[in-house]
Amino acid sequence: MPPHLETLDTIGLRCGTDKSSALHDYLRFYETFFAPLRQQPLSIIEIGVFNGASLRTWEAYFPHARILGVDIDPAALRHASSPVGIVIADQSNIEDLTRIAVDHGPFDIVIEDGSHLWNHQITTLRALFPFVVDRGMYIVEDLQTNYGAMAADYRGVATTSCAEYLKSWVDLRLADDQLDIAAVEDPFLRTYGRNADTITFYRRACLIRKHAPRPNTATTAGRPILGRIQGRSVPLAVLAHASQIGDVTGRAGIVDFMEGKTIEGIAITGAGDDLEYRVRLDDNTWSDWARNGAFAGTRGKSRPLTGFAVRLTDEATPGAHLRCAGRFLGTDTPIEVAPGQECVAPDFGALSGIEVAFGR
């Protein structure tokens, strides 16, 4: 059979890796994700070289890839070849891992198959995942060492297994609009809790495909709908809640979501009791008027707003000025309204951007 037609598992069986169907049977699972990338010039790193069989498997399956093996045992150097590099390092040492990532990253695929100690698995994940490209993959193998009789041998100094750590990540991904990411103590999970495209568990392994949010997912200052207001401008903070993103605050009075994101609730601060606001829900009802940072709308219910209104209060400072505008899905043309007027799209589309300009 021509090499380019061999399946990943067939190559693994020929090369003698325990990742093949002869033992762990990882390769048939991986091929679902790897096949579209087979002919691309990838950068692949594997932690744990052992007898070099898996490195030979990657070399045969990915003919244009740059492959790096990392191991603590200097004997691993014998497995180096022209497309395969070997680095001797300790996966429990953050400085070692960072140096490797800086020198050889970023990576399209990371396979962690090292010591299997819980703290080593978690440390390596935290150190190398930031160096995975957008849509790249990180794999943790042999998670069965986190359970049963094997736990005593692989617990090490860890208080939490890697499997439990990954489950915490799953919670943050599944309930992205229910859990407050800012309240998560762990800095890695706080940073990447929402930045996984998929987290897929298999027998003894877990594959995470990274999703790095684009910088323009929410413009919190810029792409202004309104011009500068007459008189002395007062900077407002507009908080908007969106599904899959959470709370975003625009310190210049602007929150403008793109890529189909919609606003489910708002809060406006900075004007004291000079202005108040309310929102139109997806069932055509209006909220009560709120002011000075009170939240209007919903959180975590996937109920996009279909409009809003902002007005000066009866107690507003004499001479106060107010302008507001909204942007709705289905059109790039903003809708500017007078103070107190309902800002609603003609087709009652979902609200995706809001700007409030205020001055005294």
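This report walks through the sheets, helices and cores of one protein model.

The model is predicted, so local features need pLDDT of at least 70 and side-chain atom pairs count only at pLDDT 80 or more, while totals for chains, interfaces and linings use all residues. Residues are numbered from 1 along each chain as its sequence is written, and side-chain values use heavy atoms, with hydrogens and water left out.

**The seven-stranded sheet**

Let's start with the strands. Helices (H or I, at least four residues) and strands (E, at least two) are DSSP runs, numbered from the N terminus. Two strands pair if DSSP finds at least two bridges between them. Seven strands make an open, mixed sheet, and their order is β3-β2-β1-β4-β5-β7-β6. At its edges sit β3 (84-88) and β6 (196-202), each pairing on one side only. From one strand to the next, the twist averages 15°.

Inside this sheet, β1 (residues 43-47) and β4 (residues 107-112) run parallel and are joined by four bridges. Take I44: its bridge partner in β4 is I109.

Contact means heavy atoms within 4.5 Å. Axes are lines fitted to C-alpha atoms, for helices over the stretch in contact, and angles run from 0 to 180 degrees between N-to-C directions.

| Helix | Strands touched | Angle between directions |
|---|---|---|
| α3 (residues 53-61) | β1, β2 (66-71), β3 and β4 | about 170° with β2 |
| α7 | β5 (132-140), β6 and β7 (205-210) | about 140° with β6 |

**Helix α2 and its partner**

How do α2 and α3 pack? Helix α2 (residues 27-34) meets α3 at an angle of about 35°, and their axes are 14 Å apart. On the α2 side the contact uses L27, Y30, E31 and F34, and on the α3 side T57, W58 and Y61.

Which residues of α2 are buried? They are L27, F29, Y30, E31, F33 and F34, where buried means under 20% relative accessible area with a 1.4 Å probe, protein chains only.

**Helix α5 and the cores**

Helix α5 (residues 118-128) is mostly covered too, with 10 of its 11 residues buried. Among them are W118, I122 and L125.

Now for the cores. A nonpolar core is a set of buried Ala, Val, Leu, Ile, Met, Phe, Trp, Tyr and Cys residues joined through side-chain atoms within 4.5 Å. The largest one has 35 residues, and I45, F129, Y138, W169 and I208 touch the most other members. Helix α7 (residues 162-174) gives this core its largest share, six residues. Another core, of 34 residues, lies apart from it and includes L236, V279, L281 and V356.

What does Y138 touch, leaving aside its neighbours within four places in sequence? Its contacts include Q121, T124, L125 and L128, and those four are also among the buried residues of α5.

**The three-stranded sheet**

There is also an open antiparallel sheet of three strands, in the order β14-β16-β19. Here β14 (275-280) and β19 (343-344) are the edges; each has a single partner strand, so one side of each is left without a neighbour in the sheet. Strand β16 (residues 307-312) pairs with β19 over two bridges, in the antiparallel sense. In that pairing, G307 stands opposite V344.

Notes
Buried means under 20% relative accessible area, exposed over 50%, partly exposed in between (1.4 Å probe, protein chains only).
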